[in-house]
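Welcome, and thanks for taking a look at this one. Below is a short tour, arranged by topic, to read alongside the picture.

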Amino acid sequence: MTPAEIRGQVLDILENIAPDEDLDSLQDDVSFREQLEMDSMDFLDIVMELRKRHRIQIPEEDYGQLASMASTVEYLTPLMKDI
Amino acid sequence: MVATTSSSHLPDNQRIVLTGIGLTAPNGDSLGEFRESLLNGRSGVSEYEIRYVGKTFAGICRFDERRYQARRDLRRGTRAGSVGVYCSNEAIRDSGLDWPNIDKSRVGIYLGVTEHGNVETENEIFEIKGYDYDTSFWSHHHNPRTVANNPAGEVALNMGITGPHYTIGAACAAGNAGLIQGAQMLRLNECDLALCGGVSESIRTFGIFASFRSQGALAEHTDPTRASRPFDMDRNGIVVSEGGCVYTLERLDDARRRGARIYGELVGYAMNTDATDFVLPNPDRQAECVQLALKRAGLVPEQIDIVSTHATGTTSGDSQECQALRRVFSSSDRTCFNNTKSFIGHSMGAAGALELAGNLATFQDGVCHATINVDQLDPECELKGLVLNEAREVKSPTYVLNNSFGMLGINSVVIVKRF
């Protein structure tokens, strides 16, 4: 997957996790928490959905990489390049 | 023989009154809608399909989930939680309480449940089956969704209530048990306002249908609206339903001070246990439970206008309850008996609270709704004042007695007096 495709995948997951939010105005360089009503359980949902959809295992020490859209895509790009 | 009512001798800060009702039933999402359905013989049972069991019948609630919850909260929580949130908010709205200015640390939430957690557990097992039962795909939401206090806790989260909250696991006696708990906590001054009653999400678990079917106790009929038929000769089991009913309970002095509209006063209650069988009821203990509630209320059977029966449509359960009621009420020509499950099926943890609500409106309209779907009355279920198929007018109704019994021999009775 290209970074753009990965972004689309993450956005699709976010639409399920934060269904009340307007994701059209999401700023990629700003943390999710600053823009969306999300807590630690929601971030675990992102991890779980990536595991279910793409069989990607994200170790706990890397959860901080999922802070914003930009950092998430950057982190996932090498992991999803062959998908 | 007429006894005086004990509760009238209590100080007002020990007398407990019902001041608000919020409910969702398969045939109505407010007391007004529910009552209209009961008076017009409108069933809430419909066709239903659930994994593994296939086609069956159920009472499905269609309340507006989004009225009080965001989509995020609905995704995060449980169906029982949503039922509780809807009913609790509706009860507060109905009570006329100045909710923004209520001290939330003095509000208690006491919700009866028949079971909780089966729905989520079944869903998760179904989900990980697709991953060869790898438990790393098991949801982190499982524990907060399945802890036994979940439905009451979701109400607390939604409404910002910081007083005590918990559920009362009491099988199908749970709706009454929630009310009783609320009354006790008010009398103990543990809270100033109790949100109490019962909730059920049971139609979302295939296990309850499968278990009743294995037991030979799941209702079947060609017409879903006629499947739930307590007391009928051809009854063949239970229709499983979801639902909820939450009351605002207050001490009489508080209710009077704010000029509250009062639905009725909880003048008596009792709970006891059969201690005889996992499933089969014991009419001796049921009769004792009714008699204990009457004694505590200072009443004799002749004073009860309506008995809201528990009967679920099983062969033995219905006749044994009637046996217990004949024993207690044989001397009463006044008492009417009805059954609300014939309209909505068995709403499990909500049943006691919902069935009581359906009958409380009699204090306003003077009518006892019927037991519908009885084509041929089982002689074993004959009761002198059984109201069959057509609603009946009641002269100056003053007392409603509500039965609610459950597995493992749990029995509960509450008596509400017109205020």
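Predicted model: local features only at pLDDT ≥ 70, side-chain atom pairs only at ≥ 80, totals over all residues.

From here the tour takes in helices, loops and contacts.

**Helix α7 of chain B**

- Helix α7 of chain B covers residues 174-187, 14 residues in total.
- From its first C-alpha to its last, α7(B) reaches 20 Å, close to the 20 Å expected at 1.5 Å a residue.
- Most of α7(B) is covered, with 12 of its 14 residues buried.
- Among the buried residues of α7(B) are Leu179(B), Ile180(B), Met185(B) and Leu186(B), and Asn176(B) and Gln181(B) are also in the buried set.

**Helix α3 of chain B**

- Helix α3 of chain B runs over residues 79-95, and its 17 residues should span 24 Å at 1.5 Å a residue.
- The end C-alpha atoms of α3(B) are 24 Å apart, which agrees with that expectation.
- Because 16 of the 17 residues of α3(B) are buried, the helix is largely enclosed by the rest of the structure.
- After α3(B) comes Gly96(B), with a positive phi near 75 degrees.

**How α10 and α11 of chain B pack**

- Two packed helices are described by the angle between their axes and the distance between the axes.
- Helix α10 (residues 283-297) and helix α11 (residues 315-329), both of chain B, pack at an angle of about 45 degrees, and their axes are 8 Å apart.
- That angle makes α10(B) oblique to α11(B).
- The crossing in which α10(B) passes α11(B) is right-handed.
- On the α10(B) side, the residues that meet α11(B) are Pro283(B), Gln286(B), Ala287(B), Val290(B) and Gln291(B).
- Their partners in α11(B) are Gln320(B), Glu321(B), Gln323(B), Ala324(B), Arg327(B) and Val328(B).
- Sorted by class, this contact of α10(B) with α11(B) has 5 nonpolar, 4 polar and 2 charged residues.

**Two loop residues with positive phi**

- Ala275(B) is not a glycine, yet its phi is positive, near 55 degrees.
- You can find Ala275(B) in the loop between β9 (264-273) and α10 of chain B.
- With 9 other C-beta atoms within 10 Å, Ala275(B) is exposed.
- Ser396(B), also not a glycine, has a positive phi of about 45 degrees.
- Look for Ser396(B) in the loop between β13 (392-393) and β14 (399-406) of chain B.
- Ser396(B) counts as exposed, having 8 C-beta neighbours inside 10 Å.

**A buried loop residue, His369 of chain B**

- His369(B) sits in the loop between β12 (367-368) and β13 of chain B.
- His369(B) is buried, since 28 other C-beta atoms lie within 10 Å and a residue needs 20 or more to be buried.
- Setting aside neighbours within four places in sequence, His369(B) is in contact with Leu38(B), Leu39(B), Asn338(B), Gly358(B) and Ala391(B).
- Ala311(B) is 58 residues from His369(B) along the chain, and the C-alpha atoms of the two are separated by 15 Å.

**Where chains A and B meet**

- Chain B gives 9 residues to the contact, and chain A gives 9 residues.
- On the side of chain B that touches chain A there are 2 nonpolar, 4 polar and 3 charged residues.

Key. Residues numbered from 1 in each chain as written. Chains lettered and ligands numbered in written order. Axes fitted to C-alpha atoms, helices over the stretch in contact; angles between N-to-C directions. Helix = DSSP H or I, 4+ residues; strand = E, 2+ residues; numbered from the N terminus. Parallel < 35°, antiparallel > 145°, perpendicular 65-115°, else oblique. Left-handed = near helix turned anticlockwise from the far one by under 90°. Contact = placed C-beta atoms within 7 Å. Nonpolar A, V, L, I, M, F, W, Y, C, P; charged D, E, K, R; others polar. Expected span 1.5 Å × (residues − 1).
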